[in-house]
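Reader: I would like a close look at one single part of this model and at its surroundings, with the cut-off behind each term stated where the term is used. Please take it slowly and keep the account connected.

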Amino acid sequence: MDDQLKTLFVDNPYLAEQVCTFCKSIPEFREAEREFNAVSAQIAEKLGKELYFEFERSQSWYMARLVNAYYLFGLGLRQEVIAALQPEVT
């Protein structure tokens, strides 16, 4: 069972495509993406692409770790809720 869950949530080769499709269905995400791309282009033009891409790489790595921490924190909370409700489930 653990291997099936790992495949579903971690080793799923379609996960990135599915997340991308999901994000594109959210108007606020598309708006944020357009704004980010516009501002990114302005910054890259002013700072130079090399420095901007180094900043973007560093920021992306940081944000990925932050999102992962929130995800793992949330998993822990959900596990606590499920465990607390378990006696009621028959």
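Author: Helices (H or I, at least four residues) and strands (E, at least two) are taken here as DSSP runs, numbered from the N terminus. On that basis the protein chain has four helices and zero strands, and its elements run α-α-α-α from the N terminus on. The model is a predicted one, in which local features need pLDDT of at least 70 and side-chain atom pairs count only at pLDDT 80 or more, while totals for chains, interfaces and linings use all residues. Residues are numbered from 1 along each chain as its sequence is written, and side-chain values use heavy atoms, with hydrogens and water left out.

The part to look at is helix α3, which spans residues 27-47. Ser40 has its place in this helix, and at 8% relative accessibility Ser40 counts as buried (under 20% is buried, over 50% exposed and anything in between partly exposed, with a 1.4 Å probe and protein chains only). Once its neighbours within four places in sequence are set aside, Ser40 is in contact (heavy atoms within 4.5 Å) with Tyr52 and Glu56. For the background to that burial, 7% of the 90 residues of the protein chain count as buried.

Val39 is also found in helix α3, but with a relative accessible area of 37% it is partly exposed. Val39 forms a nonpolar patch on the surface together with Ile43, Leu47 and Leu51, and the accessible area of the four comes to about 330 Å². Patches are made of residues with over 30% relative accessible area and no salt bridge, like charges being joined within 9 Å and nonpolar side chains (Val, Leu, Ile, Met, Phe, Trp, Tyr) within 5 Å. Helix α3 gives the most to this nonpolar patch, with three residues. The accessible surface of the protein chain as a whole, by the Shrake-Rupley method with a 1.4 Å probe, is about 8,300 Å², and 64% of it belongs to carbon and sulfur atoms.

Helix α3 also takes part in the second largest pocket, where it supplies five residues, the largest share of the lining. Both α2 (15-24) and α3 contribute at least two residues to that lining, which is made up of Val19, Cys23, Phe29, Ala32, Glu33, Phe36 and Asn37. The volume of this second largest pocket is about 220 Å³.

Glu33, one of the lining residues of that pocket, is partly exposed at a relative accessible area of 31%, and its side chain meets that of Lys24 in a salt bridge (3.8 Å, N to O). A salt bridge is a side-chain nitrogen of Lys or Arg within 4 Å of a carboxyl oxygen of Asp or Glu.

Besides the pair of Glu33 and Lys24, Arg57 forms one with Glu54, where the closest N and O atoms are 2.9 Å apart. Arg57 and Glu54 both lie in helix α4 (residues 49-85), separated by three residues, about one turn of the helix. Arg57 is partly exposed at 49%, and Glu54 is partly exposed at 43%.

Methods: 1 Å grid on protein atoms, 1.4 Å probe; cavity = no way out; pocket = protein on both sides within 12 Å on 5 of 7 lines; lining within 4 Å. Points joined across faces, edges and corners; volume = space filled by probe spheres on them.
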